[in-house]
Amino acid sequence: MPTERSVKAVETLTAAFSESPLVVAAEYRGLDVAKMNGLRTALRQADCRFRIAKNTLARIAADNAGRPHLKEIIDGPIGFVTSPGDPANAAKILVEYVQANRLEMNVVGGLLDEQVLSPERVDALAKLPARDELLAKLLGNMNGPVQGLVMVLNGPVRALAIVLQRHIENQQGAEQAA
């Protein structure tokens with residue numbers, strides 16, 4: 001008979017796994033409470049969460065969330081990083097925090113939608129630029145050709161305006177000379 005605490009943990013994990021497009025699993029062995037709280041604070045600031053659960057409960061939650069592939073990376077004492085927002089952001093914050101603070105924490109793998117990610121793929125995902133930066137680059141690339149076209153179309157009009165201005169200046173100069 002499952003305890004009320006276990007049922008609540010499964011419900012919380014199920015909701016987290018369902019909402020998050022990316023779930024990253026990482027070993028937390030060797031982290032003291034201060035380091036764990038620092039990691040959780042850094043993740044919380046970006047609307048991400050780090051949850052620790054028993055493997056059995058995590059497997060049940062993965063099935064309940066309709067993400068059975070997640071069970072492939074559940075092995076050993078691991079915690080789960082979830083975020084309902086930008087998938088790359090959660091991986092980026094976790095990897096950067098671990099590297100910046102030299103934590104003894106290993107990424108076990110991840111699940112992006114229905115695709116299981118190796119630790120190397122999670123690192124590659126973390127190295128991607130942020131969503132806002134990618135959108136800015138895309139808009140810049142889309143704006144470049146349009147801006148070039150405007151400059152090309154303005155060229156003859158600008159040249160005509162310069163010729164007319166010079167002609168007016170020449171006529172005014174001739175009238176003053178006469």
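Here is a short walk through the model, one selection at a time.

Keep in mind that this is a predicted model, where local features need pLDDT of at least 70, side-chain atom pairs count only at pLDDT 80 or more, and totals for chains, interfaces and linings use all residues. Residues are numbered from 1 along each chain as its sequence is written, and side-chain values use heavy atoms, with hydrogens and water left out.

**Stop 1: the whole chain.** Along the sequence they come in the order α-β-α-β-α-β-α-β-β-α-α. The radius of gyration, 29 Å, is well over the 16 Å that the globule rule gives for 178 residues, so the protein is more spread out than a compact globule. (That radius is taken over C-alpha atoms, and the rule is 2.2 Å times the number of residues to the power 0.38.) Along the principal axes, the C-alpha trace spans about 110 × 35 × 30 Å.

**Stop 2: residues 87–100.** This is helix H4. Its 14 residues reach 20 Å from first C-alpha to last, close to the 20 Å expected at 1.5 Å a residue (the expected span is 1.5 Å times one less than the number of residues). Buried residues here include Ala91, Lys92 and Val95; buried means under 20% relative accessible area, exposed over 50%, and partly exposed in between, using a 1.4 Å probe and protein chains only. Show S1 (22–27), S3 (78–83), S4 (107–112) and H5 (119–126) too, as they are among the elements covering the buried residues of H4.

Stop 3: Axes are lines fitted to C-alpha atoms, for helices over the stretch in contact, and angles run from 0 to 180 degrees between N-to-C directions. Which residues make the contact? From H2, pick Lys35, Gly38, Leu39, Ala42 and Leu43; from H4, Ala90, Ile93, Leu94 and Tyr97. Contact means heavy atoms within 4.5 Å.

**Stop 4: two aspartates.** Select Asp47, in the loop between H2 and S2 (49–52). Its phi is positive, about 65°, although Asp47 is not a glycine, and at 44% relative accessibility it is partly exposed. Then jump to Asp113, in the loop between S4 and S5 (115–117). Phi of Asp113 is also positive, near 55°, and this residue is partly exposed with a relative accessible area of 48%.

Conventions. Helix = DSSP H or I, 4+ residues; strand = E, 2+ residues; numbered from the N terminus.
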